[in-house]
Amino acid sequence: MTAQTWPFEPYKIKMVEPLPVTTRARREEALRDAGWNLFGLRAGDVTIDLLTDSGTAAMSHHQWAALLGGDETYAGARSWTRFERTVQEIFGFRHVIPTHQGRAAERILFAALVQERESEVVPSNAHFDTTKGNLELLGRRAKDFPISEARDPSTRAPFKGDADLTAVEEQIRDGKVPFVMLTVTNNAGGGQPVSMANIRGMGELARAYGIPFVIDACRFAENASFIRQREPGYADVAIPEIVREMFAQADAITMSAKKDGLANIGGFICVNDDEVATRVKQLCIAGEGYPTYGGLAGRDLDAIAVGLREVLDEDYLRHRVGTTAAFVEALAARGVPVLLPPGGHAAYLDARMFLPHLPWDHYPAQTLVDEIYLEGGVRGSELGTVTFGMDSTTGVERPATWELVRLALPRRVYTRSHLEYVIETVAAVHDRREAVRGLRITSQPRVMRNFTSRFAPVAQAEALDPLEPPTRKFATRSARD
Ligand code: F0G
């Protein structure tokens with residue numbers, strides 16, 4: 001199958017939910033009310049929602065059936081036994097600790113792993129906003145070490161999610177690295193996969209320096225499917241075996257079951273070390289719940305256990321990565337600058353190339369995501385300077401490595417014709433791109449500002465506050481610093 005072929009859905013539809021259809025006038029009003037931040041929209045104002053692939057999957061009939069079998073016993077429920085056994089079989093770790101979602105797993109595991117010393121740095125191929133946020137809330141720095149090919153959106157390298165291991169090693173030599181991480185697939189940098197060679201290399205590095213290696217496993221099945229497709233020697237290896245090999249390199253994982261768990265809520269931590277597991281369980285009890293439910297209902301544990309097996313199905317994965325590839329290639333064929341090659345769960349539009357006339361501090365990716373919403377009621381998300389450009393430990397704002405708009409594909413939710421509508425919408429914005437003007441921030445929190453910042457069109461914002469543009473609330477540096 002070529003990347004351009006749209007694979008057919010290996011499922012049929014049993015239940016439907018109407019989509020809201022809105023007018024341009026209504027969308028303009030909704031966007032103004034939301035402070036030009038699409039997180040502030042209500043579902044009734046969004047036609048195709050590609051804000052996230054997280055917690056938005058359609059569950060299978062087996063998952064719905066499993067919900068009814070959920071056991072709500074407080075401690076040691078049957079649902080927990082089924083969940084623990086499934087996670088252990090798939091990932092191969094000794095201890096499994098459930099959490100209500102991925103970021104709770106991060107908060108707890110990071111608190112259990114960081115040492116007393118200040119100014120520790122945690123290297124990764126690329127941290128996602130919540131891993132960065134959770135480290136910063138602990139007073140630590142999250143630092144990205146992508147390989148150089150990953151910085152060029154148009155290079156078609158097979159594993160652009162890989163970390164630059166030489167640079168990571170240099171950072172470790174400074175002696176202030178409590179643990180190293182890899183995010184599979186790399187969400188911040190285009191949903192690009194990490195090769196088995198890079199996972200193994202990071203594991204070897206961590207062992208050589210006696211520090212733990214943590215994998216952020218959110219999209220582990222999509223990553224395994226790319227290893228099978230693209231890495232020499234894996235074409236005939238079954239997906240579950242690839243998964244076991246990936247995680248055999250790591251000391252711990254954080255997982256959001258809202259992605260490759262095919263569930264609407266949930267997460268977990270896996271660790272091998274008994275002492276770390278004890279600390280994690282204590283923090284889990286304090287913040288999430290007893291460690292056999294971790295903030296989840298028994299029925300949720302069952303839905304996740306079934307989802308984790310379904311996501312390893314070869315037909316499912318072929319459709320999943322095949323649809324993403326067809327969607328991304330169709331956008332590219334229309335002249336839209338997209339990050340290549342296609343990743344696993346989303347199309348990433350390169351806002352710097354899409355809107356080259358906008359300076360970085362007019363937030364090209366935020367501007368573009370708003371324009372796409374105005375054009376057709378399609379909601380994407382900003383993964384650029386708004387999300388990643390503020391170092392909250394120093395208060396310095398700078399252009400992010402990537403300036404992207406992500407159109408994330410919820411699992412098993414939208415059909416080809418929905419995605420064709422999205423392609424037409426993005427192409428229409430592309431046709432009128434030269435007339436698009438940028439945004440300024442009018443209010444922002446210090447950490448994770450993509451969720452709650454408010455914006456205004458540049459012309460309006462300067463009229464409001466001509467002497468002190470709001471983005472200068474914290475010290476900023478130019479792109480050349
Ligand atoms: N790590 C990665 C790589 C993620 O993509 C996410 C969530 C998390 C951790 C946190 O998991 O949402 O269950 O708490 N990403 C979502 C997204 C929100 O839209 O990409 P969570």
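Q: What makes Thr-52, Arg-103, Asp-216, Ser-256 and Lys-259 stand out around the ligand in this predicted model?
A: They come nearest to the ligand, out of the 17 residues around it. To count as near, a residue needs a heavy atom within 4 Å.

Q: Which helix gives the most to the shell around the ligand?
A: That's helix α4, residues 102-113, which gives 3 residues.

Q: How do the residues of the shell divide into nonpolar, polar and charged?
A: You get 2 nonpolar, 8 polar and 7 charged residues.

Q: What about Arg-219 and Gly-102, which atoms do they bring to the ligand?
A: Arg-219 brings an N or O atom of its side chain, 2.9 Å from an oxygen atom of the ligand. Gly-102 uses a polar backbone atom instead, 2.8 Å from an oxygen atom of the ligand.

Q: How much of the ligand does the protein bury?
A: Taken alone, the ligand exposes 470 Å², and the protein buries 94% of that.

Q: Why is Phe-110 called buried?
A: Its relative accessible area is 0%.

Q: Where does Phe-110 lie, and which residues does it touch?
A: Phe-110 lies in helix α4. Leaving out residues up to four places away in sequence, it touches Thr-131, Asn-134, Leu-135, Leu-138, Phe-179 and Met-181.

Q: How do you know that Arg-140 is buried or exposed?
A: Check its relative accessible area, which is 5%. That is under 20%, therefore Arg-140 is buried. You'll find it in the loop between α5 (129-137) and β4 (141-144).

Q: What makes Arg-140 and Leu-138 a polar contact?
A: A polar atom of the Arg-140 side chain lies 2.7 Å from the backbone oxygen of Leu-138. That is within the 3.5 Å cut-off, so the pair counts.

Q: Which residues have the most contacts inside the largest nonpolar core?
A: Phe-91, Phe-220, Met-246 and Phe-247 do, in a core of 55 residues. Beyond its neighbours within four places in sequence, Phe-91 is in contact with residues including Phe-220, Phe-247 and Leu-308. Another core, of 45 residues, lies apart from that one, with Val-328 and Leu-358 among them.

Conventions: Residues are numbered from 1 along each chain as its sequence is written. This is a predicted model: local features need pLDDT of at least 70, side-chain atom pairs count only at pLDDT 80 or more; totals for chains, interfaces and linings use all residues. Side-chain values use heavy atoms; hydrogens and water are left out. A polar contact is a pair of N or O atoms within 3.5 Å; within protein, one must be able to donate a hydrogen and the other to accept it, and residues adjacent in sequence count only if both atoms are side-chain atoms. Accessible areas come from the Shrake-Rupley method with a 1.4 Å probe; for residues, only the protein chains shown count as cover. Helices (H or I, at least four residues) and strands (E, at least two) are DSSP runs, numbered from the N terminus. Ala, Val, Leu, Ile, Met, Phe, Trp, Tyr, Cys and Pro count as nonpolar, Asp, Glu, Lys and Arg as charged, and the others, Gly among them, as polar. A nonpolar core is a set of buried Ala, Val, Leu, Ile, Met, Phe, Trp, Tyr and Cys residues joined through side-chain atoms within 4.5 Å. Buried means under 20% relative accessible area, exposed over 50%, partly exposed in between (1.4 Å probe, protein chains only). Contact means heavy atoms within 4.5 Å.
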